[in-house]
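I am opening a new page for this structure. I will look up its helices, its sheet and a few backbone details, one entry at a time.

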Amino acid sequence: MPLTPREATRLERRLVATLTDACETAKAEIPGFEWLTHTVDYATFPQSLRVIWVFDTRASKDQALAAGTDQRLRELTGIALAAAEAGAVRLDRCVRVDSEEECRLQHGGDWRVRLG
């Protein structure tokens with residue numbers, strides 16, 4: 001059942017707040033990690049939710065993934081989504097890892113196009 005506009009707005013506020021906390025935690029723990037964002041279509045929530053963790057370079061991203069950091073990113077995402085009361089979200093499907101360098105090379109640094 002789709003969320004009402006009011007429910008979607010409330011959930012979006014909670015997501016922004018809890019994902020911001022997760023982002024700050026990751027910045028302190030994970031070398032090369034810079035920021036995160038999320039995309040969602042509330043008409044098809046929670047299946048459409050994507051949380052994108054962005055590293056400075058492809059090398060930083062690859063090094064973090066090789067070290068198993070993707071598990072920590074999923075853990076932080078899960079904590080944030082639980083705190084936001086987002087319901088049942090499949091973390092293996094919603095968490096993505098990217099880099100500024102790859103966006104610059106593939107999309108001229110335009111994150112709106114890259115995420116669209």
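**Entry: the helix α1.** I started with α1, residues 5–29, in what is a predicted model. I counted 25 residues in α1. From its first C-alpha to its last, α1 reaches 36 Å. That is close to the 36 Å expected at 1.5 Å a residue.

Next I asked which residues of α1 are buried. I found Ala8, Leu11, Leu15, Thr18, Leu19, Ala22, Cys23 and Ala26. I noted the general rule on spacing: an α-helix has 3.6 residues a turn, so residues three or four places apart point the same way. Then I looked at what covers the buried residues of α1. The cover includes β1 (33–39), β2 (50–55) and α3 (69–83).

**Entry: the sheet.** I traced an open sheet of three strands in the order β1-β2-β3. Its pairing is mixed. β1 and β3 (95–99) are the edge strands, and each pairs on one side only. From one strand to the next, the twist averages 25 degrees.

I then checked how β2 pairs with β3. The sense is parallel, over five bridges. I found valine 51 opposite valine 95 of β3.

Which helices lie on these strands? I saw α2 lying across β2 and β3, at about 140 degrees to β3. I also saw α3 packing on the sheet, where α3 touches β2 and β3. The direction of α3 makes about 135 degrees with that of β2.

**Entry: α2 against α5.** I compared the axes of α2 (residues 58–66) and α5 (residues 100–107). They come within 6 Å and cross at roughly 130 degrees. I therefore wrote down α2 and α5 as oblique to each other.

I looked up the residues that meet there. Arg58, Ala59 and Lys61 come from α2, and Glu101, Glu102 and Leu105 from α5. Sorted by class, this contact has four charged residues, two nonpolar and no polar.

**Entry: two backbone details.** I kept a general point in mind: most residues other than glycine have a negative phi, and most peptide bonds are trans.

I found a cis peptide bond between phenylalanine 45 and proline 46. Its omega is about 10 degrees. Proline 46 sits in the loop between β1 and β2.

I also found a positive phi, near 55 degrees, at glutamate 85. This residue lies in the loop between α3 and α4 (91–94). Is glutamate 85 buried or exposed? I read 62% relative accessibility, so glutamate 85 counts as exposed.

How values were computed:
Residues are numbered from 1 along each chain as its sequence is written. This is a predicted model: local features need pLDDT of at least 70, side-chain atom pairs count only at pLDDT 80 or more; totals for chains, interfaces and linings use all residues. Side-chain values use heavy atoms; hydrogens and water are left out. Axes are lines fitted to C-alpha atoms, for helices over the stretch in contact, and angles run from 0 to 180 degrees between N-to-C directions. Helices (H or I, at least four residues) and strands (E, at least two) are DSSP runs, numbered from the N terminus. Angles under 35 degrees count as roughly parallel, over 145 as roughly antiparallel, 65 to 115 as roughly perpendicular and the rest as oblique. Contact means heavy atoms within 4.5 Å. Ala, Val, Leu, Ile, Met, Phe, Trp, Tyr, Cys and Pro count as nonpolar, Asp, Glu, Lys and Arg as charged, and the others, Gly among them, as polar. The expected span of a helix is 1.5 Å times one less than its number of residues. Buried means under 20% relative accessible area, exposed over 50%, partly exposed in between (1.4 Å probe, protein chains only). Two strands pair if DSSP finds at least two bridges between them.
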